[in-house]
Amino acid sequence: MLLVLFKKFLGKRQSHQAEKNTQSPEQLVRNIQDGDLRLRNQFITDYQPYVAKVASRFCKRYIDPACDDEFSIALGAFNEAINQFSPQSGRSFLGFAETVIRRRLIDHVRKEQRFSRQTPYSSFEVEDDEDNVVNPVEVHQAMEHYEKQLGMEERRSEIFDFSRCLEEFDIRFAELAEVSPKHADSRLTLLRIGKMLSEDADLMRTLVMKRMLPIKELLGKVEVSRKTLERNRKFIIAVALIFHGPYPYLRDYLRLPEHAAEDEKEERSSANE
């Protein structure tokens, strides 16, 4: 019943929004990215029902915007999507936003699951209506099974989305294994270049807008030759897109040694608390 009312409420809000402005979400986001802060706040407010709907669909339960952490996470991801959306990508903004929201909720679920593994099995013991104690081991196994199935589905979705993104740069996902440097040192150097590129807003804007690697600009920031950048163009672009986009699973495969050490330190700190 709550979901039915929620859908009706969402329909009314979206109808009102359509009457309120005739611009597409893509056009509104473009204006927001140009610096219209007031429009950003109004846009986020207007689409809160949409964000709650996406979060509810992902969690397979009603997400209450007033008290559920998942809504706050989803709303933050929606704002993140506004910053990251590229009008030249050919994708709809709402489709892109849903992808970002799902990725951030996945990160949240994985973090919660990691925490739950530190909790003693006895804390899961509950009694049902017939005073039967639920086996905590079965609960734990069910949680792991759910996480594994969810992870497999999200990995497939993430790879499919990334493959479509690569096509915009005339790169096929299957090519990545072929263009990946064979030597570990070379691969590590290019991974760092790709990550550095992803963190530079101006360089990423050039990459996305022109669909080409900004080699001239990169030469002033890295200690490799033009020939190296040109020869590894596809690999560097792919790495930059992974670090810049909503791809947590793919980023796990590209973890740099310094980041792996940081993660290990964080896990040890959490275990000792």
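Reader: What share of the contacts in the protein chain with a separation of 6 or more comes from residues 24 or more positions apart?

Author: Such residues account for 63% of those contacts, where contact means heavy atoms within 4.5 Å. The model is predicted: local features need pLDDT of at least 70, side-chain atom pairs count only at pLDDT 80 or more, and totals for chains, interfaces and linings use all residues. Residues are numbered from 1 along each chain as its sequence is written, and side-chain values use heavy atoms, with hydrogens and water left out.

Reader: How many helices and strands does the protein chain have?

Author: The protein chain has 15 helices and zero strands. Both are DSSP runs numbered from the N terminus (helices H or I, at least four residues; strands E, at least two). Of the 273 residues of the protein chain, 39% count as buried. Buried means under 20% relative accessible area, exposed over 50%, and partly exposed in between (1.4 Å probe, protein chains only).

Reader: What makes H13 largely enclosed by the rest of the structure?

Author: Nine of the 12 residues of H13 are buried, so the helix is largely enclosed. The buried residues include Phe235, Ile237, Leu241 and Phe243. H13 covers residues 233-244 and reaches 16 Å from first C-alpha to last, close to the 16 Å expected at 1.5 Å a residue. The expected span is 1.5 Å times one less than the number of residues.

Reader: How do you know that Arg40 has no salt bridge?

Author: A salt bridge needs a side-chain nitrogen of Lys or Arg within 4 Å of a carboxyl oxygen of Asp or Glu. For Arg40, which is buried, the nearest side chain of opposite charge is Asp36, 8.5 Å away. Lys and Arg count as positive, Asp and Glu as negative; His and the chain ends are not counted. Arg40 lies in helix H3 (residues 37-46). Leaving aside neighbours within four places in sequence, Arg40 is in contact with Ile32, Asn79, Ile82 and Asn83.

Reader: How many salt bridges are there by this rule?

Author: The count comes to 15. One of them joins Asp202 and Arg205, with the closest N and O atoms 3.0 Å apart. These two residues lie three apart in helix H10 (residues 201-210), about one turn of the helix. At 52% relative accessibility, Asp202 counts as exposed, while Arg205, at 48%, counts as partly exposed. Elsewhere, salt bridges that share partners join Arg61, Asp68 and Glu70 into one network.

Reader: Why is Asp68 called buried, and why is Arg61 called partly exposed?

Author: Asp68 has a relative accessible area of 17%, so it is buried. Arg61, at 37%, is partly exposed. The closest N and O atoms of their salt bridge are 3.7 Å apart. Glu70, in helix H5, counts as buried at 15% relative accessibility. Not counting residues up to four places away in sequence, Glu70 touches Ala55, Cys59, Arg61, Ile63, Leu105 and His108.

Reader: How many aromatic pairs does a search of the whole structure find?

Author: The search finds 10 aromatic pairs. Rings of Phe, Tyr and Trp (its six-membered ring) pair if their centres lie within 6.5 Å; planes under 30 degrees apart count as stacked, over 60 as edge-to-face and the rest as tilted.

Reader: Why is the pair of Phe43 and Phe93 called tilted?

Author: Their ring centres are 5.7 Å apart and their planes stand at 55 degrees, so the pair is tilted. The pair links distant parts of the chain, with Phe43 in helix H3 and Phe93 in helix H6 (residues 93-116), 50 residues apart. Both Phe43 and Phe93 are buried.

Reader: What makes the pair of Phe85 and Phe93 edge-to-face?

Author: The planes of Phe85 and Phe93 are at 85 degrees and the ring centres 5.5 Å apart, so the pair is edge-to-face. Ring pairs link Phe43, Tyr47, Tyr50, Phe78, Phe85, Phe93 and Phe96 into a cluster.

Reader: How do you know that the charged end of Lys195 sits over the ring of Phe243?

Author: The rule asks for NZ of Lys or CZ of Arg within 6 Å of the ring centre and within 35 degrees of the ring normal. The charged end of Lys195 is 5.7 Å from the centre of the Phe243 ring and sits over that ring. Likewise, the charged end of Arg211 sits over the ring of Phe169, 5.2 Å from its centre.

Reader: Why does Lys60 count as exposed?

Author: Lys60 has 66% relative accessibility, so it counts as exposed. Lys60 lies in the loop between helix H4 (48-59) and helix H5 (69-84), and has a positive phi of about 60 degrees although it is not a glycine. Most residues other than glycine have a negative phi.
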